[in-house]
Amino acid sequence: QVQLVESGGGLVQAGGSLRLSCTVSRRTYSYLALGWFHQAPGKEREFVAAIDLSGRNTHYADSVKGRFTISRDNAKSTVYLQMNSLKPEDTAVYYCAAKPNGASTFQYWGQGTLVTVSE
């Protein structure tokens, strides 16, 4: 069973930064591509960013390109989402997700962490 535990959410003013972390159960970490999604109030969950097994290939939603950076630390079995220049519209619950490398859909999810960006 893959376990994902997010941390790092909170309240920040517009223009500020936050770094989210997601620790993955070590036993399965080395087989997984990882990603971040968010879900704003009243909206569907949306893709934010993803990183492959090697850590060399990343992909971002257009809305966060140039502001957010996804990275992974294999020694710590952890994936990060550095969020800069935050906007009120970034307010959402952020979910860490994982899938076997090469799989088409994310299959495992964390419990989510709330990010609130004030005006």
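1. A polar atom of the threonine 113 side chain lies 3.2 Å from the backbone nitrogen of glycine 9. A polar contact is a pair of N or O atoms within 3.5 Å; within protein, one must be able to donate a hydrogen and the other to accept it, and residues adjacent in sequence count only if both atoms are side-chain atoms.

2. The model is predicted: local features need pLDDT of at least 70, side-chain atom pairs count only at pLDDT 80 or more, and totals for chains, interfaces and linings use all residues. Residues are numbered from 1 along each chain as its sequence is written, and side-chain values use heavy atoms, with hydrogens and water left out.

3. Threonine 113 belongs to strand E11 (residues 113–118); strands (E, at least two residues) are DSSP runs, numbered from the N terminus. Threonine 113 is buried, at 12% relative accessible area (buried: under 20%; exposed: over 50%; partly exposed: in between; 1.4 Å probe, protein chains only). Beyond its neighbours within four places in sequence, threonine 113 is in contact (heavy atoms within 4.5 Å) with residues including Glu6, Ser7, Gly8, Gly9 and Leu20.

4. Glutamine 111 sits in the loop between strand E10 (108–109) and E11. Glutamine 111 is partly exposed, with 49% relative accessibility. Not counting residues up to four places away in sequence, glutamine 111 touches Leu4, Val5, Glu6 and Tyr95.

5. Phenylalanine 47 is found in strand E5 (residues 46–51) and is partly exposed, at a relative accessible area of 25%. Residues up to four places away in sequence aside, phenylalanine 47 touches Trp36, Phe37, His59, Tyr60 and Ala61.

Notes: Helices (H or I, at least four residues) and strands (E, at least two) are DSSP runs, numbered from the N terminus.
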